[in-house]
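Here is a short briefing on one protein model. Start with the structure, then read the points by topic.

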Amino acid sequence: RQVGLRPAPEEGRRRRDRQQPARVLAVLIGYKLEAIGVINYPPLLGAVSGHLPKSALEVKGSKPFFAKTYIDLVRMVAALASANPEYRLLFRGQTKEYFSYAGNSRIIPSLYRLDKKSCRESVAFDKAVVRLNEAELTLNCIIPFDIGERLKRKVERWAVLQHYEVCSTPLLDMTSSLSVACWFALHGACESDRPVVYVFGLPYPQGPLSFDLSTGIFQLELTTLLPPIAERPVFQNGYLVGRESDLDLSYFGGFDYSDRLIAKIELQDSRDFRSSLGVSANLLFPTSDPFLKISQEIERLLKSRDEFAFLQCEHMFDSLQSDSLNSLFGFEPIDWIDYYDG
């Protein structure tokens, strides 16, 4: 074939046929990922660590940087943001790291945290999917109409269920607040744990629900998706991140977000570090949040199959929307309209 000319149709068809099994396998095992390529590291991080990884594939297999104080951490992240302006930085704090069989960092949504070598795990996964579907349907039934208009898509309702810890979903919690990520990393950490903050590089969002075609990643910003009375996502600066290929709830799904890592930073678990955050459990988990009452109501309803079956009756939809949830939120239906018009 001459250079610069397209292959003949028959040759192109044979090539696609040869590649198709690999593509199908990649989709089934969730392996075809859009990993970050070159990462620029500022001199500050070079002074902290002798070896600097060159891509996300190296980051997830390398040792984390170390921040002795919160001020050190802020300086590191600021330098990373300046050196990599093409990415929006989001954070996630964990009391310790979890690793794949290859020894790399493993960061996947709660729905897919299963040992897929065990046949019993497929049964557990099926049960988790059933619970997710039931919880999503229940939320859609009992949410006040005005709020429901903000949560028209299933993935938006999943975000509420994930953030308020009702059930496992294919979404991953992140935050735009570094101090909040640090609190989650240090809160509940044992002496043997090595708390870590993950720094992710994501496409810049275009709205409350933003989808990036090149990566297949979507982001949900809860502070703009939900009304301001939903206080938990406001104080936590909550984001939910997902991947289009995981929306079908396949057992072989589960995007590993370690391929979007810019850096891993281990924290020194000290009293001074904690006190410098200015964050507490009472602030991050306000009991006055009406969506907390929503989540508790959903959990109560899901405990009984009979109650859930009763929920599916059409007349129950109307009574829940007009009475139960308005009393939970402390508003009458007309007040919701006045609230948003004001």
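**Overview**

Of the 342 residues in the protein chain, 45% count as buried. The model is predicted. The protein chain holds 16 helices and eight strands. Among its contacts between residues at least 6 apart in sequence, 75% join residues at least 24 apart.

**Nonpolar cores**

- The largest nonpolar core has 47 residues.
- Inside this core, the residues with the most contacts are L73, M174, I262, I265 and L267.
- Helix α8 gives the most to this core, with seven residues.
- A second, separate core has 36 residues, including L111, C141, L220 and L240.

**Contacts of I265**

- Leaving out residues up to four places away in sequence, I265 touches P64, F65, F66, A67, L73, M76 and V77, among others.
- I265 also touches P195, V196, V197 and V199.

**Packing of α4 and α8**

- Helix α4 spans residues 70-83, and helix α8 spans residues 178-186.
- These two helices pack at an angle of about 125°, and their axes lie 11 Å apart.
- An angle of 65 to 115 degrees would count as roughly perpendicular and one over 145 as roughly antiparallel; α4 and α8 are therefore oblique to each other.
- The crossing of α4 and α8 is right-handed.
- On the α4 side, Y70, L73, V74 and V77 make the contact. They meet L178, S179 and C182 of α8.
- By class, this contact of α4 with α8 has six nonpolar residues, one polar residue and no charged residues.

Terms used:
Residues are numbered from 1 along each chain as its sequence is written. This is a predicted model: local features need pLDDT of at least 70, side-chain atom pairs count only at pLDDT 80 or more; totals for chains, interfaces and linings use all residues. Side-chain values use heavy atoms; hydrogens and water are left out. Axes are lines fitted to C-alpha atoms, for helices over the stretch in contact, and angles run from 0 to 180 degrees between N-to-C directions. Helices (H or I, at least four residues) and strands (E, at least two) are DSSP runs, numbered from the N terminus. Angles under 35 degrees count as roughly parallel, over 145 as roughly antiparallel, 65 to 115 as roughly perpendicular and the rest as oblique. A crossing is left-handed if the near helix is turned anticlockwise from the far one by less than a right angle, and right-handed if clockwise. Contact means heavy atoms within 4.5 Å. Ala, Val, Leu, Ile, Met, Phe, Trp, Tyr, Cys and Pro count as nonpolar, Asp, Glu, Lys and Arg as charged, and the others, Gly among them, as polar. A nonpolar core is a set of buried Ala, Val, Leu, Ile, Met, Phe, Trp, Tyr and Cys residues joined through side-chain atoms within 4.5 Å. Buried means under 20% relative accessible area, exposed over 50%, partly exposed in between (1.4 Å probe, protein chains only).
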